[in-house]
Amino acid sequence: MTTFPDLKTVIITGATSPRGIGRATADLLASSGWNVGIIDLDEAECKNLANELSSRYGIQAYGAAADVADEVMVRAAIDQVENNLPQIVALANIAGVSSAVGYLELTSQEWHRVLNVNLHGVHYVTHRVVETMVRHGVGRIVSISSVSAQRGGGTYSKTPYSVAKAGLIGLTRSLARELGPHNITVNAIAPGPIDTDIMGGTLSEERKAELVEDLVVTRLGTTADIASAIRFLLAEDAGYISGQTLNVDGGLYMH
Ligand code: NAP
């Protein structure tokens with residue numbers, strides 16, 4: 001079995017949001033010695049984060065802008081990362097959008113916006129990155145689903161979000177099967193409520209208390225809770241875990 005090279009790169013999508021899961025993951029992985037390729041919407045923010053990570057942690061980092069829903073942009077951005085950083089070994093699909101529109105008010109435009117970013121976007125990025133991983137005979141992929149996929153919504157975001165995040169679980173299982181022979185593992189993480197700004201802005205204390213009501217672990221999740229689970233699944237010694245969805249949700253969904 002091919003092992004990890006000495007110098008390895010992880011691509012992280014959706015990494016520039018200051019209080020987001022992607023940013024916390026980029027920090028944790030860089031501090032653990034990963035070189036980091038940043039893909040997000042704003043070019044300047046991608047470059048700034050890459051500079052910050054390389055000066056703080058002494059690793060190589062490169063930022064390239066892409067809307068993950070645009071396959072041409074995605075391929076160009078990942079080509080740039082590949083040309084500028086060591087071997088791509090891992091991918092964290094974190095970019096995503098929320099959607100609080102109820103089904104009865106839902107427009108076709110909103111349906112497609114959410115599916116395009118949260119499901120098709122993950123496919124575009126993964127499809128391009130997998131080309132490289134297969135060539136090297138090693139890879140780790142983690143995509144961020146949501147407990148919303150398993151519980152039928154019940155969170156801030158409604159149906160198209162739940163559908164897209166459920167689609168990621170299917171994508172994960174199918175890719176795990178097809179890519180296993182190439183020494184590539186594919187897993188998903190289903191977070192519960194995490195204290196970021198994606199649920200319509202920074203959460204009030206009242207809103208936080210409501211979100212904690214159904215949990216077994218009686219606190220809101222942190223970006224660090226998700227980042228550490230991502231680091232675990234991307235590690236070389238997690239090679240016997242594939243096709244799984246790991247709930248990091250304070251016990252909200254037990255299966
Ligand atoms: P966030 O802070 O809003 O982060 C989302 C990131 O994705 C941002 O950096 C955003 O960029 C980027 N992004 C959005 N659309 C994009 C596109 N089309 N192309 C490229 N990048 C794009 O929210 P978060 O809470 O950290 O969410 C991260 C992931 O976790 C999402 O997939 C979300 O669905 C999932 N999740 C979150 C929770 C939670 O409770 N927070 C629970 C379950 C799952 P901009 O900032 O420039 O828009």
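Which loop does Val 217 lie in? Val 217 sits in the loop between helix 7 (205-212) and helix 8 (223-234); helices here are DSSP runs of H or I with at least four residues, strands are runs of E with at least two, and both are numbered from the N terminus.

## Before you look around

This is a predicted model, where local features need pLDDT of at least 70 and side-chain atom pairs count only at pLDDT 80 or more, while totals for chains, interfaces and linings use all residues. Residues are numbered from 1 along each chain as its sequence is written, and side-chain values use heavy atoms, with hydrogens and water left out.

## The ligand

There are 27 residues around the ligand (a heavy atom within 4 Å). Ser 17, Ile 21, Asp 40, Tyr 161 and Thr 196 come nearest.

Some polar contacts (pairs of N or O atoms within 3.5 Å) are worth a look. A side-chain N or O atom of Ser 17 is 2.6 Å from a ligand oxygen. For Ile 21, a polar backbone atom lies 2.7 Å from an oxygen of the ligand, and for Asp 40 a polar side-chain atom is 2.8 Å from one. On its own the ligand has 880 Å² of accessible area (Shrake-Rupley method, 1.4 Å probe), and the protein covers 87% of that.

## The core

The largest nonpolar core has 32 residues. Such a core is a set of buried Ala, Val, Leu, Ile, Met, Phe, Trp, Tyr and Cys residues joined through side-chain atoms within 4.5 Å. Ile 12, Leu 53, Ile 189 and Ile 230 have the most contacts inside it. Helix 8 gives the largest share, five residues.

## Salt bridges

Count the salt bridges (a side-chain nitrogen of Lys or Arg within 4 Å of a carboxyl oxygen of Asp or Glu) and you get 16. One of them joins Arg 56 and Asp 27, at 3.0 Å from N to O. Arg 56 belongs to helix 2 and Asp 27 to helix 1, so this pair ties together parts 29 residues apart in sequence. Asp 27 is buried, at 18% relative accessible area, whereas Arg 56 is partly exposed at 48%; buried means under 20%, exposed over 50%, and partly exposed in between (1.4 Å probe, protein chains only).

Lys 208 and Asp 195 form another salt bridge, with their closest N and O atoms 3.6 Å apart. Both also take part in a salt-bridge network with Arg 19, Asp 197 and Glu 205.

## Back to Val 217

At 41% relative accessibility, Val 217 is partly exposed. Together with Val 216 and Met 254, Val 217 makes a nonpolar surface patch of about 310 Å². Patch residues have over 30% relative accessible area and no salt bridge, with like charges joined within 9 Å and nonpolar side chains (Val, Leu, Ile, Met, Phe, Trp, Tyr) within 5 Å.

Methods: A polar contact is a pair of N or O atoms within 3.5 Å; within protein, one must be able to donate a hydrogen and the other to accept it, and residues adjacent in sequence count only if both atoms are side-chain atoms.
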